[in-house]
Amino acid sequence: MLEKFRETQFYKSIFRGGGVPKSRRQRMMVVLNSVFLHLHPVRLPKHAVKLKFTWCMGGLSFFIFLILTISGILLMFYYRPTIEYAYTDIIDLAEQVPFGIMREIHRWGAHAMVITVWLHMFRVFMTGSYKPPREFNWAVGVILLLLTLLLSFTGYLLPWDQLAIWAITVGSNMARAAPFVGHEGPGAALLAIGDINFVTMGSDMRFALIGGRFMGEGALLRFYVLHCIGLPFIIMIFMAVHFWRIRKDGGISTPV
Amino acid sequence: MIDQQERYYNILKLNRWFALSSLLFAGIFVLAFVDDYQRPWKKFQKEFRSVEIEKINKNLAELNSTLESNHDYKEILNLLSKADEKLQDKVEEIDDLNAKIKDIDAVRYGVNQNHQFAKAEYDVAKYKADQARHGLGDLVSAEKNLKELDELTTGFKLELEEVEKKLENLEDQLAKLYSEQKTYNDELNSISHKRDLTARKLLKTDPGKMSFSNKIANVVRDLPVLDFIDPYYEVKQVVVKDIEEDLIYMGMPKVDRCMTCHMGIDKKGFENAPQPYSTHPNLDQMVGPNSPHPMSEFGCTTCHAGRGRGTGFNSTAHSPSSPDQAHEWEENYDWHPMHHWDNPMFTKQNMEAGCFKCHSGNMPIAGAETLSLGMAIVERAGCFGCHQLDRWEGKPKTGPNLAKIASKTTNDWTWKWINSPRDFRHNTWMPHFFNITNNNDAKSVQRTKQEIHSITEYLFSNSESYSMDKLPRNANAENGRLLVASLGCMGCHEIQPEAEADDITSIQSLRQEQGPNLIGLGSKSNAKWIYNWVKNPASFHADTKMPNLRLSNQEAADISVYLIQDVNKSFDAQEIPDVNEEIIDEIAADFLSQQLRKSEVDIKLAEMSIHEKLDFNGQRLIGQYGCFGCHNIPGFDKAKPIGTSLTIEGSKLITKLDFGFQHDNLPHTRWDWFGQKLADPRIFDMIPQEDGSLISMEKQPLDKLRMPDFGLTQHEIDALTTVIMGSVKDEIPVNKLPKMNTKQMAIEAGEQIIQSNNCKGCHKIDGDGGVIWASTADWLREISDDINAEDMSIVQSFSPPLLDSQGRKTQPEWLLNWFKNISMIRPQLQVRMPSFDFSDEEWNTIIEYFQQKDGQSLTYELPHSMSKNSESYKAGTVIQELGACTNCHFYGSQKPKQAALTWAPNLVLSKDRLRPAWLLEFFSNPQNIMPGTKMPAPYIPTEEPFADVLANWGKSVAGMDSDSTRLYQGLIDYIWGLKGRNDVSSIVRSHLENEGYGFIIEDDDEWGGDDW
Amino acid sequence: MESFKHFIDTISNPTILFTSTLIIFFFIFPINDWFDKWNRRLKLYVLWSSKSMVIASILMAAFFVIGISDPDFRSIVLKPDNVPISGLIFLVYFFTWLSMHQAYENDAKLERGEPIDEQYDAPNDKVLVWPDLVYVEFIALILCSAFLMIWSIGLPAPIEEPANPAESPNPAKAPWYFLGLQEMLVYFDPWMAGVVLPTLIIVGLIAIPYMDNEPAGSGYYSFKNRKMSIALFMFGWLVLWDMLIIVGTFLRGPNWNFFGPFEYWDIHKLEALTNINFSEYIYIKWMNTGLPKSIIFREIWGIIVVLGYFLILPPLLAKTMCKKLFARLGSFKYSFFIMLILIAITLPIKMYLRWMFNLKYIIAIPEYFFNF
Amino acid sequence: MAEIISKKSATKEPGRRPPAALDKADTGDQISRRSFFSWLSIGWFAFIAATGGFFTMMLRFFFPNVLFEPVQTFRAGFPDDYTIGEVDLRWKNKYGVWIVRNNEGIYVLSTTCTHLGCTPNWLNSEQKFKCPCHGSGFFKTGINFEGPAPRPLERFKITLADNGQIIVDKTIKFQQEKGQWNDPEAFLNV
């Protein structure tokens, strides 16, 4: 019956080529014709399919990113980024929302993604795959790492509990020590005309980050927007570049 | 065939990997569904359902049996079946009628349709006609059309009405046939309504009783995934909008889900069900929908604390009340203390803490015994002397004034007292500062003994002089003893030489500790000082709570000589070490180096004489230990309290409480910390050893913890902990607080004055108070015999009056004047209302308290007017005569006929003193108003035939138509007409001297004394 | 048992832990031929054999299993947000082993002239993506999802008390992946630890391919030809990043005091933290005079030392130790590289200055928030 | 080191896999694809089940176990609070119901017009509910008699609590046209 179904126009319209790919050509066409699979080249060096070599960490990073996107979108249905609701909404995810483990999936997924990205980078270093002609893609990768950390960092604030705000306080306090642009950073005191200081608590980099002089509604909303829209948008652009460059730089690195 | 050249993996192996990992993955989804479905509360709801079914079944059985034994029910059933039979006979008639109705209804339907169509067209025509009048279209044809349609519609309408009339007629006929049946049915329903509802409820609850399809539905509704549609088992919650959960940045409306498991909490009938299903105790006061604290308005955690949003045993922050319970919970519910929630549920011991949030103004708080006891202890022990507690802001210091100490006692006694107060007086509230946990090592003891020398030195060298009158000679100690027993001293003091094993502190027992236990005064003081003190306490200390009993010189002397008799020999024998200048220097150096350099300290010390050093040390040590918190000490008028503010201590974060080295021994909860601190205030300076002993941490003497040891029992500690746990920062919205109207404010203010001045030591108000009764009984035993002492009505008649209904009883002006100038009311009383040196404001507070409490809100009232010529007055004269009021009551200087034992107030006083409205109330049922009074209801002829009344009582009484109000009114008129001497005290005194009380046991002692 | 715990507590003290790591590290990952010689002599490469991996994994697992019985250890390790770090320890070890194992294997093969695993003969040696790669990826994804789900079912995500800006928890920790930076805060001012160093980490990482641009060693695991770059990277990644994270997570307690893994987090624990600045050393300790009023005069010595470190050391090194490197990279790349290395080395330098001399800052200008 | 490494690598086959192995693999593949219980089909079934599980999970996720909407059950005082023959308007704004008492008892009417959901007004002088939107009219009983409303107003469940208070439950409604007004809970006999 399955075979018959494979013959229908409906099936063929979806899976071009139809049938189980048996011939070499069919197998190539599968990859070429699929929007999801065409990220891959049609053929690649043998060691690229060995787990021992790739550890599959890059692929997993991307996959966890997708899991995080899905679970994140679902969580947005129950989470309101205001200082009244944020905390209790999180409590309710554990206490009453059906399948509140979506939050666990999101949180542990975020931790896992940080680890997989690190390990991916470690693997790339150990196989020397950053070497020319892949220098630029390595740089893109470093930026992806940074964005991953920032995504995780911005998400850390959202439960609005003690763990969250103090972790972010510790983290964001560093911004106020940035040279010249933080009000407690070296050089900030030099940026002044007469009695007017340009870099103050209300005008420095930390303010831009947390939307206020102290942790409050502003920080929560900014981190929320960054976490849900801003950073994912940027990271997707860089991911596209990263994947594209893998192909353009000659696929997986090979010994010369 | 697949091209094999460009492969790496064995596809079979991969397939196997794929299959296994997919199976794992699918399995994990099953796990996820199970995990999500197995919510911890479901188990409880299922169990409750069976408890509920059992209960409904029981109810139903009961209801059925009552119905079966109900005669009416059977009869109606009988009648109903007869009515049914009758209907059976008329089947044809009914069928005929039904057929007719059916026919006519069809006709009606048609006609009605015609009418509707016509009317619709008519409406259109009306609109068109109006348009034409407005200038659109042809007016003439439109109006013509309208008229035609109007006629048509009216025609149909008439036709319709006719048909409807016919229909109604037929229906009436049918209803008439059924009317009998319907009547019985209705009656049956009204009788069995409750049974039917219960049966219905059972049908919905008990799966065993359900129909087949409902049985399936009952399972389906709670299936995983489908359980969102209409689940039987669901999370229940109460959202209280205006009471907020403190989220620091913001408040969030309280959400409590406790009733998800505690399902019977607001339902009657589960009082004996096991936890968590039982009904909340006292539903009329708490939780019940008609109570002042309905669940929907207050939630649960508002009072009990805890994590209301939680739906599991742990995530709700339950707190066990004992290690045993903790252990039990660990086994049954996998309990562990909830981290990361600042307000865990109160334990059973501290449960009443929640009441304090809103009701702290009251004293006592009705229904919260532990909390009220705690509040009383705070007030008695004077916690607020060192710890700021807003509730007790401005309350006077609890210890005696030490400004004139030199006249009162000796240096040596004071040293021994400070060293160990409980050696002198076992139940004193003066705490131990020395020789306790963190300063009982040899070195500390040596030092603290010298510290006491310094304090004593400071107190005596700064003592002011107190000019005392000479003690009269010929004082009689035996008479003094009787006076102490009878005058009312025992309302505030006790004489209890040894601690009694079964003493349990209660608000009542604390009332007797308002003043010191009067033992060992011979060791402590001298007769001359006591004489001056009891005669006029204010001369020694202007703000003292000890009132003036208006003692004569002789009385005061007798009392002082009596009190001085008791000496405490073992205490006197204690040795006092000599002053050790070396240690004194050490102490002084410690204090001096707080401000000076080391070299300067030495110079300074060399300059000071030993007395200067002692004085200096004493002053610093008093400041260090905070003695001024409870005592007035010269030089410390403006000193600030030394302890932590406790006003919001109950909200203190657990991380701010220093568990020191006790962190392994003590559960990390606020109440455990407070409890441990109260049990041994110095414990957190100590390091526990494996053998159970303690050694002190390395600390300088001045850095050591200094809260003194009050020797509290666990019972007292629980009470105090409850107060502290209740002292929280929670903000309760105004509409949830007790309404702060005049009544509430007056009651709170009055209750506080009554508490702090110990009025209830002597008086009983609404059943509470009257500690003195016991000693009145003792005294009676002594002056008469056991029989009288055990007759509570006699004890009551010799004790201070009940103040029930006081607000309705007396005229406020009279009461105020009387407070300021006490005079005799009940002639036989030995016990004396003392003179309190209160301001008008305070007296007004008390009077208003009585008035508001007793629902008497009028401040001004017209005086009662009467005429001696009125029939009413004449009737009153007869009633008092036949009622023999003169047996007990004074009529001015006219003595009552019976012995002094039964004497009652001078009736001449009444017109100034009492409110006629209250008297009416009182006459008709004295026991209701003053439980235990000996005053009988005055006999009036309300049920005798008119002729008899006319013959026996005269025409004035007869003219009152047996109306009790009018008759009592007459009696009141009579009393208001009485004239004579107000003050009969001299008559009483001479009578008692000559004839005594005359304790004669009579068989029918109906005409006893009263106490009004 | 107690003495074992005590031993672990003692050696986890940062001074001991860091010093011993520093000593051992370059023998395990030889940075140059000299270290390599000792590595071979001490047979340290056995660490990368399969047997070692099994033994080490068992030892580590045993350590955790035994440690769990200790309440203090349990309370830190099982804190929900710390669980990934325990996982990280195992993962980092395993993948370090895996990469080094393959690297040594490949090196040996090359030495013997055998083809290595990754060797391939383009384009004949290719495999088709369908189905091999796709299938493998697919299975990996399923297993990864399954793993995440188990983790999520088994370990509830943390939710603590509601946010309270007035009550900071003690210790207040950044998210775990930034704990390395927070650890640096102990030794550096925030502008260095929080801004300059992270920026340099990013810049440095990006710069790696430009510094190490020899195409050899690309596309397969190897160690022999890339000793220096691997040793340096490993040092940064394993010691300065992962180890600091582990120290920050497990071993830093209240008041950011150090606590052994089996120690109770006593908030009263005191550590003598009286540190002084370089200028105070110069003027007060050595010259016995007061500090000069002028900031320039006060800090001139520190500035000289720092400038000397950054300006004199690079050319000096170029002439001596790093001759070959200088020759290979050219002056611009060399300066850039050596600067990064020098800045990275300031971290251990400052650690030791702090531990040995209680030195707080070399340059201290708190007036302008400039402390170094 | 060399010894160890070589020992290890000796056990492994260097270079390519012999084609024979692949041949075997492929034939196995062919067989397995036809057999229903092959690893592959088990794999796919399990995978589809898991995916289905995930979508079910997502679906269920959208229906929270608790609602924060205003309560649908409320206590409306005692029967004596209501005058016979009058329509009581006190709960109209808060809970959207009229409580009507007649000679026989009490019933609760929804204030939602059955036409398009406007709120009708009670016109006491005319003794009818009149909807301002499209002119539907209802008798005091809730029966529609004029205008476009297709059916009578709905009634809600009314019961007595143990303490004699009226409990109105808006989650359960009774419709006249379905004959539900005869339900004992649609009407409170007083």
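These are my notebook entries on a predicted model with several chains.

**Ground rules.** I number residues from 1 along each chain as its sequence is written, and I letter chains from A and number ligands from 1 in the order in which they are written. Because the model is predicted, local features need pLDDT of at least 70 and side-chain atom pairs count only at pLDDT 80 or more, while totals for chains, interfaces and linings use all residues.

**Entry 1: chain A against chain C.** I started with contacts, meaning two residues whose C-beta atoms, placed from the backbone, lie within 7 Å. By that count, 90 residues of chain A are in contact with 76 residues of chain C. I then asked which elements of chain A supply at least two residues each to the side that touches chain C. Helices and strands here are DSSP runs numbered from the N terminus: helices are H or I with at least four residues, strands are E with at least two. The list holds helix 3 (24–33), strand 1 (43–45), helix 4 (51–54), helix 5 (57–76), helix 6 (85–95), helix 7 (101–126), helix 8 (135–157) and helix 9 (162–173) of chain A. Helix 7 of chain A gives the most, with 16 residues. By type, this side of chain A has 61 nonpolar, 17 polar and 12 charged residues. Nonpolar covers Ala, Val, Leu, Ile, Met, Phe, Trp, Tyr, Cys and Pro; charged covers Asp, Glu, Lys and Arg; the others, Gly among them, are polar.

I also looked for strand pairing across the two chains. Two strands pair if DSSP finds at least two bridges between them. Strand 1 of chain A runs antiparallel to strand 1 (residues 126–128) of chain C, and three bridges join them. A:Pro45 has C:Lys126 as its bridge partner.

**Entry 2: helix 10 of chain C.** This helix covers residues 227–251 and spans only 32 Å between its end C-alpha atoms. A straight helix of 25 residues would span 36 Å at 1.5 Å a residue; the expected span is 1.5 Å times one less than the number of residues. Where does helix 10 of chain C bend? The bend is at C:Met243, by about 30°. That angle lies between axes fitted to the seven residues ending there and the seven starting there.

Next I checked burial. A residue is buried if 20 or more other C-beta atoms lie within 10 Å of its own, exposed if 12 or fewer, and partly exposed in between, with C-beta atoms placed from the backbone. The buried residues of helix 10 of chain C include C:Ile230, C:Leu232, C:Ile245 and C:Phe250. The buried residues of this helix pack against helix 2 (14–28), helix 5 (71–77), helix 6 (83–112) and helix 8 (179–184) of chain C.

**Entry 3: chain B overall.** Chain B has 42 helices and eight strands. Its radius of gyration, taken over C-alpha atoms, is 42 Å, whereas a compact globule of 1012 residues would be near 31 Å. The globule rule is 2.2 Å times the number of residues to the power 0.38. The C-alpha atoms of chain B fill a box of roughly 130 × 125 × 75 Å along the principal axes. Of its 1012 residues, 37% count as buried.

Entry 4: Most residues other than glycine have a negative phi, and most peptide bonds are trans. I noted two cis bonds. One joins B:Met363 and B:Pro364, with omega about -5°; B:Pro364 lies in the loop between helix 10 (353–359) and helix 11 (369–381) of chain B. Another joins C:Asn170 and C:Pro171, with omega about 0°. C:Pro171 lies in the loop between helix 7 (129–154) and helix 8 of chain C.

Then came positive phi. A:Trp55 has phi near 60° and is found in the loop between helix 4 and helix 5 of chain A. Is A:Trp55 buried or exposed? A:Trp55 counts as buried, because it has 21 C-beta neighbours inside 10 Å. B:Asp961 has phi of about 55° and is found in the loop between helix 40 (946–958) and helix 41 (964–977) of chain B. B:Asp961 has 11 such neighbours inside 10 Å, so it counts as exposed.

**Entry 5: strands of chain D.** An open sheet of four strands has the order 5-6-7-8, with antiparallel pairing. Its edge strands are strand 5 (121–123) and strand 8 (144–146) of chain D, each pairing on one side only. Three bridges join strand 5 to strand 6 (residues 128–130) of chain D, and D:Leu123 stands opposite D:Lys128. Elsewhere, strand 9 (residues 155–160) of chain D pairs antiparallel with strand 4 (residues 105–110) over two bridges. Six bridges join strand 9 to strand 10 (residues 166–174) of chain D.
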